[in-house]
Amino acid sequence: MVHYGHSNQLRQARAMGDYLIVGVHTDEEISKHKGPPVFTQEERYKMVKAIKWVDEIVPGAPYVTTLETLDKYNCDFCVHGNDITLTVDGKDTYEEVKNAGRYRECKRTQGVSTTDLVGRMLLMTKAHHSNIDEDMDYRKHTDNFGKCPKSHSPWTGVSQFLQTSQKIIQFASGKEPQPGDTIIYVAGAFDLFHVGHVDFLEKAHQIAKRPYIIVGLHFDQEVNLYKGKNYPIMNVHERTLSVLACRYVSEVVIGAPYSITADLLDHFKVDFVCHGMTEVVPDKNGSDPYEEPKKRNIFRLVDSGNNLTTDLIVKRIIKNRLEFEARNQKKEAKELAVLEAMKRREEEGAPGKAGQEDHES
């Protein structure tokens, strides 16, 4: 997947230099070393390109980073998170560049990993979707998912993401709209921020010469009302960072009203309100949430040309449920084995340090 943990890693990496090149692996490489990818390689290329700290991407980057790769793209050094990354046979993928002194480390974002997000989606079984409160198949499934090794890996174990104002400041553009900017307002859940969202925001961005896009994010309870009891998968804090990391977004309204009010339009001096081709659920009182912008003739339907939705991503996960469960369990077991080896080395007083793993990109 591509999530705000990766964006945070790329933000830190960009701050260490002047130009950031991001290598993105193919589906084949990921399947070989980690298990099935959630997004396709084409989706991941597009998503990484849309992260505002990225200057360039290298599609089909090798899984093991070598000095040859760094030299090929004129890179002084490579940056990775302070969690562990291993090849299919358990080797550190950054060994060569570390030994050459061309490796830097950045902090991993606590409380998010692909393993965790896949786990959240795996708990959404068919029975769950059809609003059956409890059934044996669902119970059995959640029990199975919990049967990972008893001690948890610190890199993939589930820990809670804690939002801070500092993190929002780091992600925010901090730019106010300037005279001559066209203020475009869009609203939604933007759950599991994906390439469908990127395509929509890019299209909205193309409406004007100098666009200033404000994204209104609905609170979790609101999303819950119109999407059903399993949504959102990501909470409002996680969704805020996901959207802020996108290069097409200038500002986010956290906890925006579901129905777009005259007050909101006047306050932000909105020129256009855009919505994609997805269904618009009426507000609690049965009214159209876009009634006011339509009345002002500033409502625009935007066709992103992409039909990917959060629902479809969840369906991909559920369809390959067993494969993903095996992926999560295998990954954790591999990391625990490395931890064990590191502990043994420390006890024996041997020098050396094991490798570092990416945020399960």
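How many nonpolar, polar and charged residues does the lining of the largest pocket have? By class, that lining has 24 nonpolar, 12 polar and 4 charged residues; Ala, Val, Leu, Ile, Met, Phe, Trp, Tyr, Cys and Pro count as nonpolar, Asp, Glu, Lys and Arg as charged, and the others, Gly among them, as polar. This is a predicted model, in which local features need pLDDT of at least 70 and side-chain atom pairs count only at pLDDT 80 or more, while totals for chains, interfaces and linings use all residues. Residues are numbered from 1 along each chain as its sequence is written, and side-chain values use heavy atoms, with hydrogens and water left out.

**Pockets**

- The largest pocket has a volume of about 1,000 Å³; a pocket is an open set of points on a 1 Å grid over the protein atoms alone, with protein on both sides within 12 Å along at least five of seven lines.
- Its lining comprises 40 residues, and Leu-20, Ile-21, Val-22, Gly-23 and Val-79 are the closest to the centre; lining residues have an atom within 4 Å of a point.
- At least two lining residues of the largest pocket come from each of α1 (4-15), β1 (21-24), α3, α4 (67-72) and β3 (78-81); helices (H or I, at least four residues) and strands (E, at least two) are DSSP runs, numbered from the N terminus.
- The second largest pocket holds about 830 Å³ of space, a volume being the space filled by probe spheres set on grid points joined across faces, edges and corners.
- Of the 36 residues lining the second largest pocket, His-197, His-275, Thr-278, Glu-279 and Thr-309 lie nearest its centre.
- Two or more residues of this second lining are given by each of β5 (182-188), α10, α11 (220-227), β8 (272-275) and α15 (310-319).

**Cavities**

- The whole structure contains 3 cavities of 30 Å³ or more; in a cavity, a 1.4 Å probe fits but cannot get out.
- The lining of the largest cavity has 11 nonpolar, 3 polar and no charged residues.

**Helices α3 and α10**

- The axes of α3 (residues 41-49) and α10 (residues 195-205) come within 9 Å and cross at roughly 50°; axes are lines fitted to C-alpha atoms over the stretch in contact, and angles run from 0 to 180 degrees between N-to-C directions.
- Contact (heavy atoms within 4.5 Å) involves Glu-43, Lys-46 and Met-47 of α3 and Val-195, Val-198 and Asp-199 of α10.
- This contact has 3 nonpolar, no polar and 3 charged residues.
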